[in-house]
Protein chains: 4
Amino acid sequence: MEGQPQKLPNARQRSQIETRTRLLDVAAHLFAKDGCNKTTTKNLASQAGVAVGTVYLHFGDKDTLLQELLKTAISHLKQEMGKISPGETDGFSLVQAKMNGLANFARRFPALAAVLFDPVNLASPAGQDAANFLTKSQENGLMAGISAGYYRGDLHSGLAARALVGILVQILGWWARNPQAASQTEIVEILTELRMNGLKSQG
Amino acid sequence: MEGQPQKLPNARQRSQIETRTRLLDVAAHLFAKDGCNKTTTKNLASQAGVAVGTVYLHFGDKDTLLQELLKTAISHLKQEMGKISPGETDGFSLVQAKMNGLANFARRFPALAAVLFDPVNLASPAGQDAANFLTKSQENGLMAGISAGYYRGDLHSGLAARALVGILVQILGWWARNPQAASQTEIVEILTELRMNGLKSQG
Amino acid sequence: MEGQPQKLPNARQRSQIETRTRLLDVAAHLFAKDGCNKTTTKNLASQAGVAVGTVYLHFGDKDTLLQELLKTAISHLKQEMGKISPGETDGFSLVQAKMNGLANFARRFPALAAVLFDPVNLASPAGQDAANFLTKSQENGLMAGISAGYYRGDLHSGLAARALVGILVQILGWWARNPQAASQTEIVEILTELRMNGLKSQG
Amino acid sequence: MEGQPQKLPNARQRSQIETRTRLLDVAAHLFAKDGCNKTTTKNLASQAGVAVGTVYLHFGDKDTLLQELLKTAISHLKQEMGKISPGETDGFSLVQAKMNGLANFARRFPALAAVLFDPVNLASPAGQDAANFLTKSQENGLMAGISAGYYRGDLHSGLAARALVGILVQILGWWARNPQAASQTEIVEILTELRMNGLKSQG
DNA sequence: TATGAATGAGGCTTCATTCAT
DNA sequence: GATGAATGAAGCCTCATTCAT
């Protein structure tokens with residue numbers, strides 16, 4: 001090995017443990033850019049500097065790779081949401097903090113966010129868990145808000161949760177792909193306002 | 001002749017326009033059920049009781065067929081929206097009427113609605129027009145509302161329009177596929193409320 | 001009929017007997033421009049202002065249509081060659097007269113010439129007759145020339161005939177498609193010279 | 001293992017380069033026999049003992065495969081022509097040597113010659129390079145001959161080159177497909193004679 | 001672990017031809 | 001004779017996946 005001429009670092013030169021990580025990383029970026037369906041495993045492999053077979057060695061199939069990606073995304077999202085001060089109990093502040101957590105996730109992991117907030121992925125079999133998590137956590141938040149009196153008691157929480165996920169997918173998925181198109185403040189503001197006050201003027 | 005076994009009347013016996021209509025109808029249902037990408041032209045043709053070539057005779061290619069479908073959907077949607085009484089000027093009532101128009105469309109043309117409110121279709125080249133129409137009409141509504149003072153003047157209308165489209169796609173697309181899962185009243189209510197008051201309790 | 005509004009003359013308005021002629025004419029031009037294989041029967045029919053079925057009514061299939069075209073071409077060619085004065089007995093003058101006859105044909109019927117001198121057509125089953133005619137007539141001319149002492153007695157006439165056909169296909173087929181690129185005089189000269197003296201300088 | 005039935009070594013056991021070579025070889029023979037258009041990729045693959053995908057793995061598409069074939073043919077042809085003694089300066093001998101080089105190529109690589117001297121291929125987009133090479137090299141030879149005084153100064157070299165290519169396509173293309181129908185001597189003789197003296201008797 | 005040539009089912013599209021009107 | 005919607009075999013190409021090295 002020491003006799004080898006200098007090369008750009010490729011898969012062999014890097015730690016094997018890194019391979020899996022790099023594959024996930026490259027996959028996140030390609031899936032974010034072109035979508036999972038339009039990203040071929042061959043392209044993914046070559047971008048990652050490994051052979052196609054290696055992808056299958058690590059993930060079994062493309063679907064599992066997507067699942068892993070979504071799992072990772074959810075994990076980072078949870079971590080971000082976990083940073084919210086538990087003292088936050090005021091309705092508006094709490095929602096704002098949550099929306100900020102979501103936006104933080106999208107800003108820090110734009111590729112993962114683009115993959116997570118991609119309706120195609122959420123609708124695929126591999127995305128069931130992620131979709132359920134998003135819907136459930138929205139629904140839980142809503143139900144907690146109802147219990148606490150922040151939200152109307154007659155709210156159809158399932159339906160509302162669905163709508164909220166739609167907003168997140170549309171806004172955060174877009175923002176993750178176009179971070180320069182809006183500031184985090186704007187994103188958090190629209191998400192919070194829409195949830196708390198709708199669009200109506202504060203008359 | 002009398003000895004011949006009964007034959008189903010084949011496509012050649014049916015009129016051209018009937019075939020085209022049937023193809024659009026079958027395509028709408030298949031695209032609604034499985035998505036455009038997972039619907040093969042062969043399957044579409046056989047479900048419609050015609051040969052593959054017939055699909056291409058009528059639509060040139062799959063993309064054009066999708067476009068036709070979306071055009072039809074938009075046309076029905078516009079028609080439904082056109083029924084709104086022009087006297088409706090009150091903010092809440094107007095929004096409610098609009099949401100009801102959308103829901104009417106989804107109820108009356110569930111397959112077309114499922115195709116129209118499918119993010120994959122809206123993101124495809126064939127869906128550009130439809131996507132633009134949806135976004136523009138949301139944005140126009142928002143700007144009219146701002147002018148009329150119903151909505152906050154500092155609303156980032158592009159961002160808000162995006163969010164609203166996300167809600168429609170999520171709620172109406174889902175409802176079109178699962179009409180039994182919610183009543184039209186519930187759908188209209190959540191759409192209207194979310195837009196006018198957000199989710200917070202009317203305290 | 002008299003009550004009909006004026007229309008561009010289409011198949012119905014023209015004599016039915018003309019239909020066949022028009023089909024042959026349009027086919028000649030399309031085959032000349034794009035080749036037989038790239039000309040679809042649908043396109044042919046629409047250019048001729050008739051329905052696809054009509055093509056099949058008149059010619060049975062595409063191959064037969066090509067055959068008819070080649071037959072017509074050969075017929076015109078023969079007619080042109082028949083104009084050569086039977087008194088022409090001198091070797092050079094005779095060849096020149098023949099080459100001029102060929103060039104006349106190509107000039108007067110450029111589309112037919114382009115179809116006839118198209119190697120793809122000559123190689124197709126439908127072109128066997130035409131190919132044989134061309135080769136045979138070249139060979140006959142050569143053998144006559146040999147008998148008359150104008151050509152070398154040890155000439156491999158089959159081989160030479162093949163070469164001559166190659167020249168005709170290449171030169172006349174090209175000229176038929178690009179009549180402006182060379183004058184008839186130049187065409188006749190090169191064909192005659194090549195045959196009589198080769199390319200060698202007259203030293 | 002010993003219980004396993006004997007298997008033909010499949011493509012996977014063979015080296016990449018071997019497969020590519022075999023594909024080119026089989027393609028050359030099929031294209032020579034039936035023409036490129038009538039050779040299906042499926043048939044090509046099965047004749048080569050590989051799956052369809054393998055063809056596309058190696059060549060991207062059918063056109064590129066044809067190009068490779070033509071490139072190879074030109075390369076062999078150039079090699080053959082390169083063997084001509086540079087001392088050959090006499091007009092007749094030089095032409096004879098060149099014609100012999102061409103015939104050597106056709107004799108040694110009959111399939112490639114049949115593909116190269118196929119007017120359909122030369123007219124296709126993939127054949128542009130090859131067609132240009134053939135025409136150009138004929139034209140160069142002619143212009144050199146004119147300079148050296150071997151050919152008439154008033155020769156329309158573009159037209160003459162066209163005629164010469166026509167002869168080569170017709171004679172060598174045919175001979176490559178029917179090697180038994182004429183001896184190399186005959187081929188070289190007719191090509192040389194036609195070019196140097198035409199067909200007339202040496203009176 | 002890693003490789004990457006090979007696989008082959010399956011998708012989209014074309015077009016010569018038919019046949020009921 | 002004429003029509004033209006319909007047919008369907010067949011072609012080209014893609015890409016997730018496998019497996020011998």
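Of the atoms of DNA strand F within 4 Å of the protein, 71% belong to sugar or phosphate, and the rest belong to bases. The model is predicted: local features need pLDDT of at least 70, side-chain atom pairs count only at pLDDT 80 or more, and totals for chains, interfaces and linings use all residues. Residues are numbered from 1 along each chain as its sequence is written, chains are lettered from A and ligands numbered from 1 in the order in which they are written, and side-chain values use heavy atoms, with hydrogens and water left out.

**First selection: the surroundings of DNA strand F**

Next, colour the helices (DSSP runs of H or I, at least four residues, numbered from the N terminus). Among those that each supply at least two residues of the surface are helix 1 (16-34) and helix 3 (52-59) of chain B. Helix 3 of chain C provides the largest share, 5 residues.

Centre on C:His58, where an N or O atom of the side chain is 2.7 Å from a phosphate oxygen of DNA strand F. At C:Gly53, a polar backbone atom is 3.1 Å from a base nitrogen of DNA strand F.

Now display chains A and B together. Here 33 residues of chain A are in contact with 34 residues of chain B, contact being heavy atoms within 4.5 Å. The area buried between the two chains (accessible area, 1.4 Å probe, lost on putting them together and summed over both) is about 3200 Å², of which carbon and sulfur atoms give 66%.

Which residue of chain B forms a salt bridge with A:Arg152? The partner is B:Glu193, with the closest N and O atoms 3.5 Å apart. The rule (a side-chain nitrogen of Lys or Arg within 4 Å of a carboxyl oxygen of Asp or Glu) finds 2 salt bridges across this interface.

Finally, select helix 7 (119-123), helix 9 (157-177) and helix 10 (184-197) of chain A, each of which supplies at least two residues of the side that touches chain B. Helix 9 gives the most to that side, with 11 residues.

Definitions and conventions. Near = heavy atom within 4 Å. Polar contact = N/O pair within 3.5 Å; in protein donor to acceptor, adjacent residues only side chain to side chain.
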